[in-house]
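The notes below follow the order in which I looked.

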Amino acid sequence: MVRTGPAILIALALSVAAGPVRARDTKPQHAGSFSVGVGTFNMGHAHTSDGFGFEYRLDSRSWRPRESGRFSLIPTFGITGTSREAFFAYAGFRTDLDVTRRWRLTPGFAVGAYDRNGDIDLGGPIEFRSSLDVSSAVGNGMRVGVTLYHASNARLYDRNPGINALAFVQTF
């Protein structure tokens, strides 16, 4: 498997090398989006692993406080796998907060099922995921950015170590 540190640096360098663009999302306002991510799973623990994930967002309406004043929740479904064969499938909600015409913050919350296989023991199968994406439009409805998320069981089980993950993401 590809080491995530160099992969993230290369991907970020390529996105920066593309130079400044006057990019706006060109997809229809209510089209869904698909996101792919690669990064580090369970950062801060003695045994980190590489992570790879897919996510589908049903609706891409963003919240523009100055324009509409509305807050919209976007249903989201995803799966993350690790280099130690763990899987986390989840469903939840996100919201897009446009900071500028190009930059966007996307907080999210989800609940899911975790199958550890050979990876870290998170205490049980039910886990909660909170996340924050920072992304930039690069044209043709595509965005690149990073996501930081935390998954834990919210003390549903006796064991609750939680994990933190960081990934480079590309959204179509």
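I take strands as DSSP runs of at least two residues, numbered from the N terminus. The model is a predicted one.

Entry 1, the search. I asked how many cavities of 30 Å³ or more the whole structure holds. The search returned 2.

I noted a volume of about 210 Å³ for the largest cavity. Its lining is made up of 25 residues. Nearest the centre I found Gly-37, Gly-53, Arg-129, Thr-147 and Tyr-149. I then listed the elements that give two or more residues to this lining: strands E1 (33-43), E2 (49-57), E4 (74-82), E5 (87-94), E8 (126-139), E9 (142-152) and E10 (163-171). Which element gives the largest share? I found that E1 does, with 7 residues. Sorted by class, the lining has 12 nonpolar, 8 polar and 5 charged residues.

The lining consists of Glu-55, Thr-76, Tyr-90, Gly-92, Phe-93, Arg-94, Gly-108, Phe-109, Ala-110, Arg-129 and Ser-131. Two or more residues come from each of E5, strand E7 (103-115) and E8. E5 gives the largest share of this lining, 4 residues. By class I noted 4 nonpolar, 4 polar and 3 charged residues.

I compared the two linings by residue and by element.

Note on methods: Residues numbered from 1 in each chain as written. Predicted model: local features only at pLDDT ≥ 70, side-chain atom pairs only at ≥ 80, totals over all residues. Heavy atoms only, no water. 1 Å grid on protein atoms, 1.4 Å probe; cavity = no way out; pocket = protein on both sides within 12 Å on 5 of 7 lines; lining within 4 Å. Points joined across faces, edges and corners; volume = space filled by probe spheres on them. Nonpolar A, V, L, I, M, F, W, Y, C, P; charged D, E, K, R; others polar.
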